Amino acid sequence: MWDSVGKKGGRKICDELLVTMSTGTDVSLSSYDEDQGSKLIRKAREAPFVPIGMAGFAAIVAYGLYKLKSRGNTKMSVHLIHMRVAAQGFVVGAMTLGMGYSMYKEFWAKPKP
């Protein structure tokens, strides 16, 4: 049985067979048909604060590296800790805003039936 699946269609048919066998329903794996760019755009539309958090993290890290030369007499370890805390704070803030936004959409902005 496995030899015939492997010879007929390769990994995709084998994965579909395993998903069908494990769940008991016919599930198509359309994520294999989607390229990385369209998947990133789709995920960004579903959760818009994730790319905002990633961009903020990258911006804070870039700013920290830029300011690394002109940190004065501050120790390198203290400077790096401050940049890490700022970057993590931005990401946690973006995640919190994203959760609040999704809760608002789900519970308050939903039209009453």
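**Pocket, patch and salt bridges**

Helices α4 (49-66) and α5 (76-108) each contribute at least two residues to the lining of the largest pocket. The model is predicted, so local features need pLDDT of at least 70 and side-chain atom pairs count only at pLDDT 80 or more, while totals for chains, interfaces and linings use all residues. Residues are numbered from 1 along each chain as its sequence is written, and side-chain values use heavy atoms, with hydrogens and water left out.

**Largest pocket**

- The largest pocket holds about 240 Å³ of space; a pocket is an open set of points on a 1 Å grid over the protein atoms alone, where a 1.4 Å probe fits, with protein on both sides within 12 Å along at least five of seven lines.
- Its lining comprises 15 residues, of which Ala47, Phe49, Val50, Met95 and Gly98 are the closest to the centre; lining residues have an atom within 4 Å of a point.
- Helix α5 supplies eight residues, the largest share of the lining of the largest pocket; helices are DSSP runs (H or I, at least four residues) numbered from the N terminus.
- By class, 10 nonpolar, three polar and two charged residues form this lining. Here Ala, Val, Leu, Ile, Met, Phe, Trp, Tyr, Cys and Pro count as nonpolar, Asp, Glu, Lys and Arg as charged, and the others, Gly among them, as polar.

**Nonpolar surface patch**

- Met103, Tyr104, Phe107 and Trp108 make a nonpolar surface patch of about 500 Å²; such patches join nonpolar side chains (Val, Leu, Ile, Met, Phe, Trp, Tyr) within 5 Å, from residues with over 30% relative accessible area and no salt bridge.
- Trp108 lies in helix α5 and counts as exposed because its relative accessibility is 61%; exposed means over 50% relative accessible area, buried under 20%, and partly exposed in between (1.4 Å probe, protein chains only).

**Salt bridges**

- Two salt bridges are found in the whole structure, each being a side-chain nitrogen of Lys or Arg within 4 Å of a carboxyl oxygen of Asp or Glu.
- Glu34 pairs with Arg42, with the closest N and O atoms 3.0 Å apart.
- Glu46 also pairs with Arg42, the closest N and O atoms here being 3.2 Å apart; because Glu46 and Arg42 are four residues apart in helix α3 (residues 36-46), about one helical turn separates them.
- Glu34 is partly exposed at 22% relative accessibility, as are Arg42 at 32% and Glu46 at 49%.

Notes: Points joined across faces, edges and corners; volume = space filled by probe spheres on them. Patch = residues over 30% accessible without salt bridge, like charges linked within 9 Å, V, L, I, M, F, W, Y side chains within 5 Å. Areas by Shrake-Rupley, 256 points an atom, 1.4 Å probe, with all protein chains shown as cover.
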